[in-house]
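Reader: I have a model open on my screen and would like to learn how to read it. Could you take me through it feature by feature?

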Amino acid sequence: TLSHAHLCSIRFPNDFDISKSGSSNVSKFLKTISIKNHEQTSSSNLEKVEIEPKMKVFRKKKLSRVFSEDYDGVQWKILDPRGRPINIWNKCFLIASLTSLFVDPLFFYLPSVNNEICMDASYPMEIVLTIVRSVIDAFYLVQILVQFRTAYVAPSSRVFGRGELVIDSSKIASRYLRKDFLLDVLATLPLPQVLIWAAIPSLRGSNRIGAKHALRLTIISQFLLRLCLIFPLSSHIIKTTGVMVEAAWAGAVYNLVLFMLASHVMGSCWYLLAVERQEQCWKKICDQQQPYCQYWYFDCQRKNDNSRIAWYQWSNISTLCGPSSNFFQFGIFNDALTHRVTQSSFLNKYTYCFWWGLRNLSSIGQNLLTTTDINEINFAVVLAILGLLLFALLIGNMQTFLQSTTMRLEEWRIRRTDTEEWMHHRQLPHDLKERVRKYDLYRWVTTRGVDEESIVRSLPVDLRRDIKRHLCLDLVRRVPLFDQMDECILDAICERLKPLLYTAGTCLVREADPVNEMHFIIRGHLDSYTTDGGRTGFFNSCQLGPCDFCGEELLTWALDPRPSIILPSSTRTVTVLTEVEAFALAAEDVTFVASQFRKLHSKQLRHTFRFYSNQWRTWAACFIQAAWFRYKRRKEAAALNKAKQSPLAAPLPTEPRDERIRSVSLGQKASEFAVYAATLAASNRKGGSMRGELEIISSLQKPVEPDFSVEDR
């Protein structure tokens with residue numbers, strides 16, 4: 001069999017050429033086909049031999065990139081960085097990181113000062129902090145493992161859309177090892193726990209000072225590392241979910257927590273520096289009292305030593321290193337000695353140090369009186385700068401939160417002020433001003449300044465259709481005119497409805513004005529009346545309520561097989577009696593609905609339209625009144641003619657007495673007929689006005705019949 005390519009490349013001769021060339025040409029042509037067929041078979045076999053090794057290599061090739069939509073097949077191996085599990089884990093890890101930033105400064109509260117001028121460490125507190133810190137370190141270890149199994153977006157695929165995910169585990173591991181692995185490992189190492197338990201003997205011996213400084217530097221360095229890791233984590237959460245927290249108040253609380261955390265950190269640093277400053281005073285006295293004083297005298301484990309007791313009794317160190325002594329200047333740490341913070345219980349010293357940090361961060365360190373010590377000055381400078389930045393950040397976010405809650409109200413107030421200035425500038429009358437104010441207030445109370453139409457228009461078509469269906473379907477079903485339509489047509493109608501609000505006194509449309517929209521009432525009442533073009537003596541009025549509609553002239557115009565480009569004129573004036581909520585269909589939307597009506601072409605729909613149309617109701621009422629007037633006139637005219645032709649109404653001659661008695665009774669009946677005839681004559685004289693009313697009523701034209709039939713194609 002020849003391939004499609006060869007069939008396309010072979011030119012078959014037509015019948016004229018075959019008949020002309022004869023049977024020899026035909027045989028040559030068939031021979032050529034067989035030769036080409038053999039060549040094609042051999043070439044296809046060669047291509048198959050060459051392609052098979054390539055297919056084997058392709059099958060062995062590993063998939064390295066996928067889109068997020070095609071990620072289900074590898075989800076159990078590699079995690080999607082934009083998936084729900086990773087988002088939940090990132091938020092949990094963020095909470096663990098903030099907890100770590102709170103726990104690490106608590107290590108600074110381990111050293112405490114005894115009344116006998118010695119220093120000790122709280123053993124129960126060491127155990128608690130070691131356990132809590134180890135649990136938090138486990139979160140960091142899990143984070144490292146998660147990073148090895150989390151895909152990343154290929155930089156070359158970010159030209160458009162969300163990009164492709166690299167799911168090759170070797171590439172993911174290589175990228176992570178090059179970028180963030182070292183920092184994560186340094187932040188994960190349990191160095192404070194190891195140093196505490198390894199340095200406890202040193203803290204209780206002569207090398208206590210060096211071990212204490214090493215512990216402090218380790219805690220500060222890991223604290224800064226974990227603080228730096230929070231920023232890319234927060235950025236990743238914002239990039240994935242759009243915001244850190246959805247509610248504005250939650251964002252303000254988040255920044256307030258950061259400010260409180262900074263106060264906690266500065267308070268704990270202040271406590272540790274206060275303990276060290278107090279120890280510096282002890283060392284200064286000890287250096288002056290050499291060789292009778294040794295540094296290990298300040299270890300509470302050696303306070304019962306005889307030489308230490310003898311030295312403590314005559315050294316007067318408690319008075320010299322007191323808060324009221326001029327021997328040593330404590331500067332900003334003087335409050336720690338005055339209030340005996342270093343000698344208090346953990347809860348008391350923690351609350352006081354937290355208050356100290358919060359007070360000085362809020363005041364940007366304005367009340368701090370430092371000495372000439374370089375470390376003390378540097379600490380005060382850092383505290384002032386940090387307080388300035390954090391306070392500005394907190395105030396800015398609080399202001400954003402407050403503005404987000406009152407932004408709509410402020411915009412409405414500004415718009416109302418502009419409206420008042422504009423009305424005053426244009427010198428509008430008082431009644432128009434009141435109507436504008438009333439409408440503006442009613443719209444604000446109803447919508448709170450939210451433009452629903454702009455929100456819905458910004459959504460995709462499918463989502464917009466579902467929202468419109470949820471909001472309008474029940475309301476559309478209440479309208480009897482739409483009761484017989486199927487779901488698809490109702491969805492299309494709901495999609496085109498536009499919500500409107502009206503206040504009392506508003507005129508929706510005036511008689512003889514062009515009809516631009518067809519309104520369907522949801523809530524409220526309206527007054528609809530007509531004078532038939534301003535004709536004297538004619539007035540018809542009715543009240544519209546929920547589930548009613550007005551502007552049916554637009555539907556009749558749209559149902560015309562050959563509609564005019566000029567919009568129809570309104571036959572009625574519609575004014576709002578109470579506050580009204582309604583949906584409207586514009587002229588082009590009514591044209592679409594009319595095309596759907598033609599597909600139904602049922603008599604029931606025509607009768608429904610006539611029954612609920614105010615225009616048809618008015619014409620029907622006038623038609624019935626005119627028929628009643630005509631019937632009444634014919635009946636009265638027939639009775640009058642009958643009374644005139646009756647012989648009882650003629651004069652009677654003189655008769656005998658017995659006949660006179662009979663004529664008396666007949667005369668009484670004749671007088672009754674005469675009275676009735678006079679009454680008919682009087683009513684006939686009033687017939688002029690009745691005829692005028694009849695002319696007015698009967699002159700009302702019949703509305704145009706809507707064409708619900710199928711169009712002739």
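**Reading the fold, the spaces and a few residues**

Author: Gladly. Of the contacts in the chain with a separation of 6 or more, 75% are between residues 24 or more positions apart, where contact means heavy atoms within 4.5 Å. This is a predicted model, in which local features need pLDDT of at least 70, side-chain atom pairs count only at pLDDT 80 or more, and totals for chains, interfaces and linings use all residues. Residues are numbered from 1 along each chain as its sequence is written, and side-chain values use heavy atoms, with hydrogens and water left out.

Reader: How many helices and strands does the chain have?

Author: Helices (H or I, at least four residues) and strands (E, at least two) are DSSP runs, numbered from the N terminus. By that rule the chain has 25 helices and 13 strands.

Reader: And what share of the residues counts as buried?

Author: Buried means under 20% relative accessible area, exposed over 50%, and partly exposed in between, with a 1.4 Å probe and protein chains only. Of the 713 residues of the chain, 36% count as buried. The accessible surface of the chain comes to about 42600 Å², from the Shrake-Rupley method with a 1.4 Å probe, where for residues only the protein chains shown count as cover. Carbon and sulfur atoms hold 60% of that surface.

Reader: How do I read burial along a helix? Which residues of α7 are buried?

Author: An α-helix has 3.6 residues a turn, so residues three or four places apart point the same way. In helix α7, residues 181-188, the buried ones are D184, A187 and T188. They cover an arc of only 100° around the axis, which puts them on the same side of α7; the arc is that of the directions from the helix axis to the C-beta atoms.

Reader: What classes of residue line the second largest cavity?

Author: Ala, Val, Leu, Ile, Met, Phe, Trp, Tyr, Cys and Pro count as nonpolar, Asp, Glu, Lys and Arg as charged, and the others, Gly among them, as polar. This lining has 11 nonpolar, no polar and 1 charged residues.

Reader: And what about the second largest pocket: which residues lie nearest its centre?

Author: Q147, R175, D180, P232 and H236 do, out of 32 lining residues. About 1000 Å³ of space lies in this pocket. Elements giving two or more residues to its lining include α4 (84-103), α5 (123-148) and α7, while the largest share, 9 residues, comes from α9. By class, the lining of the second largest pocket divides into 17 nonpolar, 7 polar and 8 charged residues.

Reader: Let me try single residues. Is S100 buried or exposed?

Author: S100, in helix α4, counts as buried at 0% relative accessibility. Leaving aside neighbours within four places in sequence, S100 is in contact with I136, Y140 and R226.

Reader: Where is T342, and what does it contact?

Author: T342 sits in the loop between α13 and α14 and is buried, at 2% relative accessibility. Beyond its neighbours within four places in sequence, the contacts of T342 include S112, Y271 and Q278. T342 and N115 are 227 residues apart in sequence and 9.8 Å apart in space, C-alpha to C-alpha.

Reader: What is the phi of R340?

Author: Phi of R340 is near 55°, a positive value in a residue other than glycine. R340 lies in the loop between α13 (334-338) and α14 (346-362) and is partly exposed, at 45% relative accessibility.

Methods: On a 1 Å grid over the protein atoms alone, a cavity is a set of points where a 1.4 Å probe fits but cannot get out, and a pocket is an open set with protein on both sides within 12 Å along at least five of seven lines; lining residues have an atom within 4 Å of a point. Grid points are joined across faces, edges and corners, and a volume is the space filled by probe spheres set on the points.
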